[in-house]
Amino acid sequence: MSDAFIPIHALKGRGAATRLAHRFERDTRNAFDDGWGTLEEGDAEADGLPPLATEVRFEDAKSVLSHNDSPDITFDTSLNPYRGCEHGCVYCFARPTHSYLNLSPGLDFETRLIAKRNVAELLRAELARKSYRPSPIIIGTATDCYQPIERELRLTRSVIEVLREARHPFGIITKSSAVEHDLDLIAPMAAEHLAAVYVTITTLDGELARKLEPRAAAPHRRLRTLRTLAEAGVPVGVSVGPQIPFVNEDMEQVLEAAWDAGARSAFYTVIRLPWEVAPLFRQWLELHYPQRAGRIMERIREMRGGKDYDADFATRMKGSGVWAELIRQRFEKATKRLGFCNDRTPLDIGAFRPPGAAGQGSLF
């Protein structure tokens, strides 16, 4: 699998290092040094150009609720207003989904975004079906529902407005402080046991976070978001995943800081490298940690039975083997010492009432 050459200056603020060819492409192109310095000339000619811009496309989705029966996932219904994510987390397991759009899981995933402009309309219709049976909807399970374009498009807010009308329970997973903008909707629903928020904090090291998650909120800002939500009465939890051997090694410090900020539940996963994420992550390691790249990949493969990734339900989230067991023990000892609950906040499905048609008022 090959990739297109991208001048290194253009990668500022981006997680991927290339427009890696996706697995369905028939034709691929490699940068080639012909001995005349053409690669260096191309890079020099690009100097002074602005960084890669973000492009937003709009989609009229056919459905918005996704259901799963995976035994290793603690929820069965999810919703994602956006495809692709500008946060640019290099390890994101959702990157390969861009391949189905004939786009690169590399730079395209974080620069060519798809917004489901009819998400609220479809959600209303799905909740109003006579056959619908409520269960908590988790928003932002694949791509962040509060990535930067939410500030303008407000699709996540429109979803929460429908859920508020239907008194439908929901959870949010995010790395963004922008969730605070919707506290006027979230806090009242949380008071009725209808909402909870989970913030991912991979590390407290700002320099590392800038490399791993270049356009997500800084770690200290995410801690402030936890505190703001908790003080508003919203149940908050922290995810300290993914754990990456020899990269983010401050799990205990993250958990302690999150507890002090008000988080009362905690979760973790180990890094997952499905499909194109594996070569992208190897490129990232060679770019940022060339001296330890081989060592890091050896430990990852050790947790995956000798492979870059194993999708087995029993092990895909936590891994297996000695290293995975060490991470598990560290997490369990830290959460027990601090007092964390390792279960998601229970939400009330009994208050649900099907929403009316858009614009339709209620007589009661």
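**Exercise 1.** Find how far apart the closest N and O atoms of arginine 328 and glutamate 332 are, and decide whether the two form a salt bridge.

*Solution.* Keep in mind that this is a predicted model.
- Step 1: the closest N and O atoms of arginine 328 and glutamate 332 are 2.7 Å apart.
- Step 2: a salt bridge needs a side-chain nitrogen of Lys or Arg within 4 Å of a carboxyl oxygen of Asp or Glu, and arginine 328 does form one with glutamate 332.
- Step 3: both residues belong to helix H12 (residues 322-338), and because they are 4 residues apart there, about one helical turn separates them.
- Step 4: arginine 328 is partly exposed, at 28% relative accessibility, and glutamate 332 is partly exposed too, at 39%.

**Exercise 2.** Which parts of the chain does the salt bridge between glutamate 165 and arginine 124 tie together?

*Solution.* 
- Step 1: in this pair, the closest N and O atoms are 2.9 Å apart.
- Step 2: glutamate 165 sits in helix H5 (residues 155-166) and arginine 124 in helix H3 (residues 119-127), so the bridge links parts that are 41 residues apart in sequence.
- Step 3: now check accessibility, where buried means under 20%. Arginine 124 is buried, at 16%, while glutamate 165, at 28%, is partly exposed.

**Exercise 3.** Work out which strands stand at the edges of the open sheet of 7 strands.

*Solution.* 
- Step 1: write down the strand order, S4-S5-S8-S9-S10-S11-S12, and note that the pairing is mixed.
- Step 2: look at the two ends of that order. Strand S4 (65-67) and strand S12 (265-267) each have a single partner strand, so one side of each has no neighbour in the sheet.
- Step 3: zoom in on one pair. Strand S8 (residues 137-139) runs parallel to strand S9 (residues 170-174), with 3 bridges between them. Isoleucine 138 has glycine 171 in S9 as its bridge partner.
- Step 4: see what packs on this sheet. Helix H6 (residues 183-191) touches S9 and strand S10 (195-200), and its direction makes about 120 degrees with that of S10.

Methods
Residues numbered from 1 in each chain as written. Predicted model: local features only at pLDDT ≥ 70, side-chain atom pairs only at ≥ 80, totals over all residues. Heavy atoms only, no water. Pairing = 2+ DSSP bridges. Helix = DSSP H or I, 4+ residues; strand = E, 2+ residues; numbered from the N terminus. Contact = heavy atoms within 4.5 Å. Axes fitted to C-alpha atoms, helices over the stretch in contact; angles between N-to-C directions. Buried < 20%, exposed > 50% of the residue type's maximum accessible area, 1.4 Å probe, protein only.
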